[in-house]
Structure formats: structure tokens, C-alpha cells
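My notes are below the picture.

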Amino acid sequence: MGRVVVDVMPKPEILDPQGKAVAGALPRLGFGQFTSVRQGKRFELEVDGPVTPEVLEAAAAAAEQVLSNPVIEDVVRVADIEADAAATVASQGLA
Amino acid sequence: MSRIGVVTFPGTLDDRDAARGVRLAGGEPVALWHADADLKGVDAVVLPGGFSYGDYLRAGAISRFAPVMGEVVDAAGKGLPVLGICNGFQVLTEAHLLPGSMIKNESLHFLCREQVLTVENSDTAWTREFERGEDITIPLKNQDGQYVADERTLDELEGEGRVVFRYQGDNPNGSRRDIAGITNAAGNVVGLMPHPEHAVERGFGPDGAQGPRSGTDGLRFFTSVLRALVG
């Protein structure tokens, strides 16, 4: 079973009211160092079998057509979650 | 008698009010079901307010793929009058029948109030019983009511006279350029955030010139389309 992760963020020029509210709450809890917060969405799409280039292509198409609205959001990542994790571990010299 | 379809999605709230508005205006309301790719031969369609599919993903994003919407999009392209109210407006933008999108109110609060709007286009199928420049009062109640679009789209809407309603007084939700409602180029598809179907009968509407709860400005949306249909 493979899993594709899709990250969607509000466009930079669109005010993100939810992120703004979170940013307002952080200092009240002592987290004064964060000057701005933007809140997006993460989708995990599962497939039977491995994540092939075709699967990634289909996920990218779904991300553009359904998972995001291009008027207000950008798709910032479409990736094979396991491959990503493996790459991260390798880069940290832990694999 | 003209037949006006009112679509019910899972989570639609105001379909009965919209049907009542149609009836009070002198039309025959026809219930349309989201899962049926069938418009039952209606002469116009209303997409009412509510929280279809719980606003999951984005408001209106999942309703757009309902079987009935394929028919609505086709028929709208051929000139069928379509009115999207609140969540219905969100469905129309997600279906690309109208440009732009809605995000959360700037205040992050759910709003419910009587709202004054200025009518800026009285040539659409749904506004011809209004005067251009007229102020009307109907309820506004929403959470994701902040209309956004890029500057080019906004300039285009303004240049082509496609801003149909603008919020009068304080902008309630941060909508770009105080836009409350817009139309497509042909003028048959109109979407707005406030709710005309809640201001159609004396005793139940907003306060009006003739006393408390006497406002019936919303009724003219429905009489407008009925007049448009008989030519």
C-alpha cells in the first residue's frame, strides 16, 4: 500500500483569517517568537500497490481539480510519503 | 405557470424558504434532488443556502460534483436562469459558473444580521424588478462570506457591470470591493451571499419602512425571474 501526501496552502496574497487567529493566540501561551502563521491542509491519498509516477500524476491532477481551489489556494507538495521519509532519514545519516 | 426548481443537497437548510419565496411570487416551486441528474423541465433553478456536505473540503466544493450540477451547468450555458444564495453562491463559484471564491469572514465570526445592499445591476434575470442604485434590506447569515478574486477579475467584473449587489455601510465580512453578489456575462446566473428568501412575507422579514418585520425586498428576486421568463 502506498500513500501520497498533498499539501495545499492559501495563496500568499490571500489573507488567511484562521492563521491570523492562531498567530494571535500563540503569544498568549508564551510563544512570542512566531511572527506569522498560515494554516493549510494536508491530504493523504492511499493506493493499492506502490506509488508509481502515474499515481503521482493522478494525485497532482486531483490536487489541482478537486483538493484545491486555484482562486484561493496553491498546491505546494504532491509526494510519495514513504519515499520522502526515507530520503529525510538518509539525509540525516540515520539509514 | 412558470416552474422554478429548488435543489436540495445533503446539508441544505433554506430550500423550503426558497420554495416558499417562489410560491409567494406566483411561481410553482419544484423540488430537485442532488443525486438526480434531472431538472424536471424547470424554467429556472435556485441553489439555496445551508452547509452542503458540512462545508467539507471547501464550502460548495463537493456539491459541485453532484449529478444535478452537471445538468445545471449545461442548462446555465444555454441561458437557464440560476440563482445561488449563500452556499448556493459558493457552489456556483466552485462549478466555475461565476468567478472568484469565498473564504472565512474577516472577523472569523458567523454573522447573522439584516443587511442593506445597493443594487448595481437591474438587468439580470433575477434583478429586473429593482431600480439601479436602489438600497434593499435582506438577511445576511454566513461563516465563509468573504468574496475574493484577483484584481484582474475584479476589474473585469466592475468594467462589465457584473457586480450586482454591494454591501452598504460597513463591509460585514471583508469582501473585496464590498461585493455581495455578481452575475455571469449573460446575466442569467446570479450569486449572492445574503438571503432574499428570508424577506418575502410581511411579519417574517427584516424591519422595513412599514414597520417591524415588514420588509419583503427579497420577494422581487423571484418576481423578477418570473417576469423574465414570460418575456
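These entries go through chain A and then chain B.

**Ground rules**

I'm working from a predicted model, where local features need pLDDT of at least 70, side-chain atom pairs count only at pLDDT 80 or more, and totals for chains, interfaces and linings use all residues. Residues are numbered from 1 along each chain as its sequence is written, chains are lettered from A and ligands numbered from 1 in the order in which they are written, and side-chain values use heavy atoms, with hydrogens and water left out.

**Chain A, the sheet**

I looked up the strand order first. Chain A has an open sheet of three strands, E2-E1-E3, with antiparallel pairing. For my own reference, helices (H or I, at least four residues) and strands (E, at least two) are DSSP runs, numbered from the N terminus. Two strands pair if DSSP finds at least two bridges between them.

The edges of the chain A sheet are strand E2 (41-47) and strand E3 (73-80), each pairing on one side only. Neighbouring strands are turned by 20° against each other on average, direction ignored. I then checked strand E1 (residues 2-10) of chain A, which pairs with E3(A) in the antiparallel sense over seven bridges. One bridge I noted puts A:Val8 with A:Val75 in E3(A).

What lies across these strands? Helix H2 (residues 53-67) of chain A lies across E1, E2 and E3 of chain A, and runs at about 160° to E3(A). Axes here are lines fitted to C-alpha atoms, for helices over the stretch in contact, and angles run from 0 to 180 degrees between N-to-C directions.

**Chain A, Val6**

Next I clicked on A:Val6, which lies in strand E1 of chain A. Is A:Val6 buried or exposed? It is buried, with a relative accessible area of 0%. Buried means under 20% relative accessible area, exposed over 50%, and partly exposed in between (1.4 Å probe, protein chains only).

I listed what A:Val6 touches, not counting residues up to four places away in sequence: A:Lys41, A:Arg42, A:Phe43, A:Leu45, A:Ala63, A:Leu67, A:Val75, A:Arg77 and A:Val78. Contact means heavy atoms within 4.5 Å. I also took a distance: the C-alpha atoms of A:Val6 and A:Val22, 16 residues apart along the chain, are separated by 22 Å.

**Chain B, the sheet**

Over to chain B, where nine strands form an open sheet in the order E2-E1-E3-E4-E11-E10-E9-E6-E7, with mixed pairing. Strand E2 (28-33) and strand E7 (135-142) of chain B stand at the edges with a single partner strand each, so one side of each has no neighbour in the sheet. The twist averages 25° from one strand to the next.

I followed E3 of chain B (residues 44-47) in both directions. It runs parallel to strand E1 (residues 3-8) of chain B, joined by three bridges. Here B:Ile4 has B:Ala44 as its bridge partner, and B:Val6 has B:Val46. E3(B) also runs parallel to E4(B), again with three bridges. There B:Val46 stands opposite B:Leu83, and B:Leu47 opposite B:Gly84.

Both strands have buried residues on either side. From E3(B), B:Ala44 and B:Val46 point one way and B:Val45 and B:Leu47 the other, and all are buried. Strand E4 (residues 82-85) of chain B is covered on both faces, with B:Val82 and B:Gly84 buried on one side and B:Leu83 and B:Ile85 on the other.

**Chain B, helices and a loop**

How many residues of helix H3 (residues 87-94) of chain B are buried? Eight of the eight are, so H3(B) is largely enclosed by the rest of the structure. Just after H3(B), B:His96 takes a positive phi of about 65°.

I looked at one helix pair too. The axes of helix H1 (residues 15-25) and helix H5 (residues 219-230) of chain B come within 9 Å and cross at roughly 60°. H1(B) and H5(B) are therefore oblique to each other (under 35 degrees counts as roughly parallel, over 145 as roughly antiparallel, 65 to 115 as roughly perpendicular, and the rest as oblique).

Last stop: B:Ser175, in the loop between strand E9 (163-167) and strand E10 (179-183) of chain B. At 4% relative accessibility, B:Ser175 counts as buried. B:Ser175 touches B:Gly145, B:Gln146, B:Tyr147 and B:Tyr167, leaving out residues up to four places away in sequence.
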